[in-house]
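The entries below follow the order in which I checked them.

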Amino acid sequence: KVTDAVCGSGYNPSVTITVKPVFSVGAIGSAQTICINTTPASLTSSSPSGGMGGYTYFWENSLNGTDFNAISGATSETYQPGVLNLTTYYRRHVNDASCGGGYTNVVQINVRTPVTIGTIGADQTICYNSAPGMLTTTSAPSGGSNSFAYTWESSIDNANWNSISGATGTSYQPGSLTAKTYYRKSVTDLCGSGYTNSVTITIRPDVN
């Protein structure tokens, strides 16, 4: 309102001050656990909101969850990491056109260690038509998801192998043998599989 001492008064045009909603940076996906040298799922987004809009983004990663570095070219709302061989942490920075900026939650991509198959033991020499000692695990498998399945196999030439029906334990007791036989154990995990060393059961000649 403007008032003149002699000639009257009046109002100028009104001015509107619009207050935008509180700016929120949103959130990125949840933690993941993957096998080594594989690609995690895309880091999805709970979109930012409020502020003036016109959001811009950049993503950062870290190997310890504390010291973060910007990822070159990662400026979208979502981000797809590449193949990982180490546990890695991610976060997203969101900047609003006028109302500031901030970081989302941190997401950890836990990378499992490589699968180690382990070993079995040991070579034996037995009498004809007798049973060898039990074949046992001398070095346990490790790594991966640490959820292992086993299948024992036998061979008479150490080249062509056959699965032994029902032999799915960590150890195996062969029956009576009349010919030289080789054994090995197949180890399977979510993150990999392989075979142990082979064990040789040598048969002494039959007594005549």
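Which residues form a disulfide, and how far apart are their sulfur atoms? I found that C35 and C191 form the disulfide, with sulfur atoms 1.9 Å apart, where a disulfide is a pair of cysteine sulfur atoms within 2.5 Å.

Before going on I noted that this is a predicted model, in which local features need pLDDT of at least 70, side-chain atom pairs count only at pLDDT 80 or more, and totals for chains, interfaces and linings use all residues. Residues are numbered from 1 along each chain as its sequence is written, and side-chain values use heavy atoms, with hydrogens and water left out.

I counted one disulfide in the structure. The link of C35 and C191 is left-handed, with -80° about the S-S bond. It joins distant parts of the chain, 156 residues apart: C35 lies in the loop between β4 (32-34) and β5 (45-46), and C191 in the loop between β16 (181-189) and β17 (192-195). Strands here are DSSP runs (E, at least two residues), numbered from the N terminus.

I then looked up accessibility, taking buried as under 20% relative accessible area, exposed as over 50% and partly exposed as in between (1.4 Å probe, protein chains only). C35 is buried at 14%, whereas C191 is partly exposed at 21%. C99 is partly exposed at 40%, and C127 is partly exposed at 45%.

Last, I checked T170, which sits in the loop between β15 (162-163) and β16 and is partly exposed at 44%. Leaving aside residues up to four places away in sequence, T170 touches T137, Y150, W152 and K185, contact meaning heavy atoms within 4.5 Å.

Conventions. Helices (H or I, at least four residues) and strands (E, at least two) are DSSP runs, numbered from the N terminus.
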